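Here's a quick briefing for anyone meeting this structure for the first time. Have a look at the model, then read on for the rings, a helix and some charged pairs.

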Amino acid sequence: NGNVSVKQNVLNYDYFKDIMSDFYPFLDAEKLIEYFLYGKENLLILGGEPGTGKSKFISLIIKWMLDNNFKERPLIASAKDINLLSMDSFWSKVKSSDLLILDDLDFMLGSRDESRGDVQKNNFLSKLLSFTDGFLTNKTKIVITTNQPLSEMDEALLREGRLFDILNFRYLKKHEAEKILHKFDIEYDIIENEIPQSKIGSIIENYKKINTTERDYLKEEISLIHKLNNKKAGFI
């Protein structure tokens with residue numbers, strides 16, 4: 001069970017303090033998180049194209065827990081090894097956690113089909129469904145990120161009383177992305193009408209590095225770090 005990760009206090013709060021709900025203008029993130037954490041349903045599924053901020057939204061949930069004293073020492077669990085998800089020992093261990101994060105689950109959420117012999121997937125789904133059964137008093141909240149189409153998911157996952165919501169995240173519109181960059185006084189020419197949250201995050205992170213890192217090791221203007229985002233530097 002060494003690969004089952006259960007961490008108290010998760011990471012240093014400084015890691016989460018700058019995470020912004022602005023990246024999700026299509027929902028009231030604060031309200032959604034509160035309703036989910038205090039509601040009776042255990043499961044929240046986050047879908048959408050890569051780069052739409054699904055994994056980052058989990059950090060926003062953790063930030064909310066820390067900001068609002070959800071627990072003095074919240075326990076966050078995650079699995080590094082997908083093989084653990086079909087093991088009884090894994091599910092026994094995470095029962096004491098406040099939040100279980102299952103990132104990038106795709107085929108594991110597909111409809112069960114005994115005839116195809118997908119033993120690992122079938123076992124995982126059986127244990128997940130049992131763990132999130134509305135008739136049981138299980139306090140652990142589970143957030144899953146996936147690219148699995150809704151039409152291919154096991155119907156039992158979507159049952160009322162088990163599933164809080166299944167969200168399909170989208171890219172940022174141009175004006176939404178510009179609003180975020182404006183908060184950081186970043187001038188960046190966005191050409192696309194839609195832009196991934198992950199790209200805006202990278203622009204901000206690189207801006208912070210440029211403006212906080214002393215580059216007194218340079219004797220000439222040969223640094224290309226400010227060009228990383230537009231990819232126009234020769235060998236980048």
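Is Glu176 buried or exposed? Glu176 is buried, with a relative accessible area of 12%. Keep in mind that you're looking at a predicted model.

**Salt bridges**

- In total, the structure holds nine salt bridges, and three of them are picked out here.
- Glu176 teams up with Arg170 in a salt bridge, at 3.0 Å from N to O. Arg170 counts as partly exposed, at 27% relative accessibility, while Glu176 is buried.
- Lys40 and Glu41 make another salt bridge, with 3.1 Å between the closest N and O atoms. Lys40 is exposed, its relative accessible area being 62%. Glu41, on the other hand, is buried at 16%, because anything under 20% relative accessible area counts as buried.
- Glu192 and Lys199 are also joined by a salt bridge, their closest N and O atoms being 3.2 Å apart. Here Glu192 is partly exposed at 31% relative accessibility, and Lys199 is partly exposed at 25%.

**Aromatic rings**

- Searching the whole structure turns up eleven aromatic pairs. One of them is Phe90 with Trp91, an edge-to-face pair with 5.2 Å centre to centre and 85 degrees between the planes.
- That pair counts as edge-to-face because its planes are over 60 degrees apart.
- Phe90 is buried, at a relative accessible area of 0%, and Trp91 is buried too, at 5%.
- Over in another set of rings, Tyr24, Phe26, Phe57 and Phe169 are linked into a cluster by ring pairs.
- A charge gets involved with a ring as well: the charged end of Lys141 sits over the ring of Phe36, 5.4 Å from the ring's centre.

**Helix α4**

- Helix α4 covers residues 119–131, which makes 13 residues. From first C-alpha to last, α4 reaches 18 Å, close to the 18 Å expected at 1.5 Å a residue.
- Which residues of α4 are buried? They are Lys121, Asn122, Phe124, Leu125, Leu128, Leu129 and Phe131.
- What covers those buried residues? The cover includes α3 (88–94), along with the strands β4 (99–102) and β5 (141–145).

Notes. Residues numbered from 1 in each chain as written. Predicted model: local features only at pLDDT ≥ 70, side-chain atom pairs only at ≥ 80, totals over all residues. Heavy atoms only, no water. Phe/Tyr/Trp six-rings, centres within 6.5 Å; stacked < 30°, edge-to-face > 60°. Buried < 20%, exposed > 50% of the residue type's maximum accessible area, 1.4 Å probe, protein only. Lys NZ or Arg CZ within 6 Å of the ring centre and 35° of its normal. Helix = DSSP H or I, 4+ residues; strand = E, 2+ residues; numbered from the N terminus. Expected span 1.5 Å × (residues − 1). Contact = heavy atoms within 4.5 Å. Salt bridge = Lys/Arg side-chain N within 4 Å of Asp/Glu carboxyl O.
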